[in-house]
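Please look through the sequence and the model shown here.

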Amino acid sequence: MTCDDYLSMLETLPVQELAYGEAREHAAYCADCNRVTRVVAARERNMTLAYESAYPSASAVTVAERAIVKARRQRIAFFFRAALGLAAVVVIGLFVVSRRIPVNGPVPAMFSQRFNLQCLSPEQASELLRQEIPDRNVVIRDRPPLAVIEVGGSDEQIRIARSIIDRFDNSGVAKCAARVIVPKTVRAVKVGG
Amino acid sequence: MTGFPLSGPEPFEVVARTRDGDNRAFTALVSAYQPRVYRWALALTGDQDEAEDVTQEVFVRVYRKLGGFRGDGSLDAWIYRITRRLAFRARRPLPRAAEMLSDDVYVTDPGGRVDRQRAFDLIRTIAATLPVRQREVFILCDLEGRTPMDAAGILGLKDVSVRASLVKARATIRRRILATHPSYGDD
């Protein structure tokens, strides 16, 4: 066995394993390899001693007591977190459900009625009705050049629309020959005649 | 060096008593494992303070999870895996290996008392010198005296992988030992 062979064994094998066979014979007559082996063995022994002498500063009793207390706190915290999570799920669920149920009760039934105009043009009637019934849900459709206007809305809104049409489109009040001025507001209206 | 380090009750008896709420049994378990867990944590983190914190946290976990320990593996392996998980979570960057394995670490009278600081320096040195897998294998086999098969069981690796890592770790450590030895360098 050469020194290179020996050193390559020394590089990877436990030192104790070099105390047998050819390796032992080589170390017995090669002073250099013998010395190197002793150095490695001594340092590894010291490493083991140093490793075993590493001790924590806290005592086992303290560590155990702290561990028990902390573990219990963590358990309680876990239940709190779980309860909070559950509460959050319930709140979100209620929110989602409430969004799906209409709050204002059932939507009122919608009606539609067509009015034949005698004096007003469809545009004039439409403008008049929009001023008097500002509700966006009311649908007013004029269909020029037909002298017709169609109003869609609740029963009450249709009734108001009818009264307005009767009032301003009544041939007895507003002669068809006369010029109809659509006022800015209905209260300021003066029908020519 | 494998098995439960307590000389008194059997490990599973201690585990069973701890599960039943016997705090003295848990203290006995901590006494038996604390130094070992601390050294593992120190080797894995390379930092004394973190090793103390990790050790404390390991026993918190052990106390909480002991009910889930099935006992089909060794308690050593179970606790080691907890230590490793927590150590890697806490780990800060290790110091550079520049001044590692200097003579100072090893100039120790074998018959005398090895002081704590040198022990810390040594473990930090190993932590900074070897990659994680090799470090774990080196510590379990060469410093704690376990067989590669035991180490494989603890680390959840194949025996052959442990042996390969051990060869690499030894080669690295010994090359450094020899490189820093003055008389060897003169030859």
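What follows goes from the contact between the chains to one pair of helices and then to a single residue.

This is a predicted model, in which local features need pLDDT of at least 70, side-chain atom pairs count only at pLDDT 80 or more, and totals for chains, interfaces and linings use all residues. Residues are numbered from 1 along each chain as its sequence is written, and chains are lettered from A and ligands numbered from 1 in the order in which they are written.

The contact takes 32 residues from chain A and 38 residues from chain B (two residues are in contact if their C-beta atoms, placed from the backbone, lie within 7 Å). On the side of chain A that touches chain B, α3(A) gives the most, with 13 residues. Helices here are DSSP runs of H or I with at least four residues, numbered from the N terminus.

Helix α3 (residues 31-52) of chain A packs against helix α9 (residues 159-179) of chain B at an angle of about 115°, with the axes 10 Å apart; axes are lines fitted to C-alpha atoms over the stretch in contact, and angles run from 0 to 180 degrees between N-to-C directions. α3(A) is therefore roughly perpendicular to α9(B) (angles of 65 to 115 degrees). From α3(A), A:V36, A:V39, A:V40 and A:R43 make the contact, and from α9(B), B:R174, B:I177 and B:L178.

B:N23 lies in helix α2 (residues 23-45) of chain B. B:N23 counts as partly exposed because it has 14 C-beta neighbours inside 10 Å; the class lies between buried, at 20 or more, and exposed, at 12 or fewer. B:N23 and B:Y63 are 40 residues apart in sequence, and their C-alpha atoms are 9.7 Å apart in space.

Methods. Helices (H or I, at least four residues) and strands (E, at least two) are DSSP runs, numbered from the N terminus. Angles under 35 degrees count as roughly parallel, over 145 as roughly antiparallel, 65 to 115 as roughly perpendicular and the rest as oblique.
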